[in-house]
Each structure stands twice: as structure tokens, then as C-alpha cells.
Amino acid sequence: MKVVPSRSSETPDAVPTRKPSSAMIEIDHVSQVFQTSARKDHLALSDISLTIEDGAFVSILGPSGCGKSTLLYIVGGFVSPTSGSARMKGKSIAGPGPDRGPVFQEFALFPWKSVLGNVMYGPRQQGVRAADAEAQSRALIEMVGLKGYENFYPKELSGGMKQRVALARTLAYHPEVLLMDEPFGALDAHTRTRLQNDLLNIWERDRKTVLFVTHSVEEAVFLSDKVVMMSRSPGRIRQVIDIDLPRPRRRTELLLDPRYQKYVVGIERMFDDGDEAGPGA
Ligand SMILES: Nc1ncnc2c1ncn2[C@@H]1O[C@H](COP(=O)(O)OP(=O)(O)OP(=O)(O)O)[C@@H](O)[C@H]1O
Ligand SMILES: [Mg+2]
């Protein structure tokens, strides 16, 4: 599990020895220019190159407006880059696909469908028989801790519960890559911690490739194999940091672990450093 940045990479601790694996996502010299009425050409991303290996959990941190979401949208196929290319398993990404499942903060559940109906939607679209789709969906609902809520409607759920449904619904497509854009940003601290733990449990079981955008340094260090730090707009990769902490990770144990503290403080210091710091850091 390695992220190979185009620019220099530094590791606060020893580089971990992980089993070599193949590239899942390759972002190759990607730049993104947006045409806006107010600003004409706006360079949102500048020459981003990043390789994310199969099964890696990679977080992206950076100031507000540095292009984190744009990068995720490019990998998701929702935005096509102005220059450079994004590839999944060697194939150029030409548009959205079920192999890349988005879990965004603005979770868009179908309000007219129950929890079960929302989660079953993907497998049914993919042609899975109703009985099988239901069985799979019930198992996923249980996995995200919502057993007993199958027949509830989104408006009857809390924000954290809706986020769990959104995660289950995306997992039901069996995407190879999860694209998560601040999925827990709007949640209270307690719910956020619970969902982080749930996500890690699911990830440690399935080892999907995850690209995770967050503003929280602690969340990034807790979850990730790699943390990609971006600089303020126009977004560039500033540094890629290997998070060499043992798994499975337990938050309460990590909080007391000096290695965890060293990563968190080291990254926060980097953000505080000079004019690279920003409102989102
Ligand atoms: N569709 C668009 N049209 C024009 N400009 C855009 C568009 N999408 C994003 N931008 C601009 O590109 C830059 C990067 O935006 P992006 O949403 O990727 O940042 P971000 O790092 O996700 O920020 P935040 O942390 O606040 O979510 C911003 O300056 C934004 O104004
Ligand atoms: Mg964003």
C-alpha cells in the first residue's frame, strides 16, 4: 500500500514494510482550470500526481478551497481534468461508474424510500434478484449499526443515521474504491467517533481502496495509511506522509500512543507553518 507522490515525501517515522500491491488509482499531472464569470480562469489544481495502491486508505488534508473536492470529483469521473489524466486500474476514467462509490457530506438519500429501499436500490439497478438484494442490504444495514431501522424513512433519522445509510447504500454497489468527501464533517463528535470506528472495522474486513477528504488532522491520522497534504489554492501536493501505526486501531489506545501524537502534532505544525495554513487546516 503505497502512495507515490510526484514531489518529495517525508516520513516522520520509519517507512513501514507493507506487502507490495498494484496501483488502483493513478493521478498523472492533473491540473484543473475552472472558468468563472467573476474570475475568468481559475487554477484549482496544479500538476497533481499521485498513485494510490489497491487497498490503501488515503486521506487528503488541506486548506479550504485548495481543490480536495475537485480532486475527488475527478477520480469519481464527475469532472474531467483540464490537463493530465486519472486512471483506475490502468484505464482512463471517462465518467462515473459503480466501481467508484461516492459518499459525500450532502448525503442524497431517496426521501420516498425506506432505509432498506435506499440500500437495495443499487443492487436492484445492477440486476440482483430482489430476494438476494434484500438479504445483502439487510446484512449491510446491520453492519452499519442500523438493525431495526430498515423500514424507517430518511426524515425519521438523525444526521449520523442518514450518513450510515449513505455508507451502506454505497457499499451495496460493491465499489472497489470509496470516495468520501468530508462524510463525517457535519456530525457531533461522539457520532463521528463511532462512525470512524465503524468505517475502520468495515475497511479492515474488506480492504477497499479509500480516498477520504477531511479537515480533521486527527481523523486523517487515525484512519489512514497515507495522508496527502495539499497547499492552499492553487492546490498542489505539499507532502505525503506514511502513517505507520499498527492495525487494528483503537482510538482510545491511539490517543495515548506517542507515535500517534507525534503525527498529529507534526502535521498541525506543518499547517501552522508560514502562509500555507488556511481556514480549513
Ligand atoms: N464548478 C466550479 N466552477 C468554478 N470554480 C470552482 C468550481 N468548483 C470548484 N471551484 C473552485 O475551485 C477551488 C477548489 O474548490 P474545491 O471545492 O475543490 O475546494 P476544497 O479543497 O474541497 O474546499 P473545502 O475544504 O472548502 O471543501 C475553489 O477556489 C473553488 O472556488
Ligand atoms: Mg470540499
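This is a predicted model: local features need pLDDT of at least 70, side-chain atom pairs count only at pLDDT 80 or more; totals for chains, interfaces and linings use all residues.
For these notes I count Ala, Val, Leu, Ile, Met, Phe, Trp, Tyr, Cys and Pro as nonpolar, Asp, Glu, Lys and Arg as charged, and the others, Gly among them, as polar.

**Entry 1: the shell around the ligand**

With those classes in hand, I went to ligand 1. I sorted its shell and found three nonpolar, 10 polar and one charged residues.

Next I asked myself which residues come nearest to ligand 1. Of the 14 residues around the ligand, they are F34, A44, S64, S69 and T70.

Then I looked up which elements build this shell. I found that β1, β2 and α1 (68–76) each supply at least two of its residues. Which of them gives the most? It is α1, with three residues.

**Entry 2: the whole protein**

I stepped back for an overview. I counted eight helices and 10 strands in the protein. Of its 281 residues, 37% count as buried. I also checked how far apart in sequence the contacts reach. Taking contacts between residues at least 6 apart, I found that 71% of them join residues at least 24 apart.

**Entry 3: a sheet of four strands**

In what order do its strands lie? I read β2-β1-β4-β5, an open sheet of four strands with antiparallel pairing. Its edges are β2 (40–53) and β5 (91–92), and each of these pairs on one side only. As a reminder to myself, strands of a sheet pair through backbone hydrogen bonds, either parallel or antiparallel.

**Entry 4: β1 against β4**

I followed β1 (residues 23–36) to its partner β4 (residues 83–88) and found five bridges, in the antiparallel sense. I noted two of the partners in β4: I25 is bridged to M88, and I27 is bridged to A86.

**Entry 5: β4 against β5**

My last stop was the pair at the β5 edge of the sheet. How many bridges join β4 to β5? There are two, and the strands run antiparallel. In one bridge, R87 has S92 of β5 as its partner. The hairpin of β4 and β5 has two residues between the strands.

Conventions. Residues are numbered from 1 along each chain as its sequence is written. Chains are lettered from A and ligands numbered from 1 in the order in which they are written. Two strands pair if DSSP finds at least two bridges between them. A residue is near a molecule or strand if its C-beta atom, placed from the backbone, lies within 6 Å of it. A residue is buried if 20 or more other C-beta atoms lie within 10 Å of its own, exposed if 12 or fewer, and partly exposed in between; C-beta atoms are placed from the backbone. Two residues are in contact if their C-beta atoms, placed from the backbone, lie within 7 Å.
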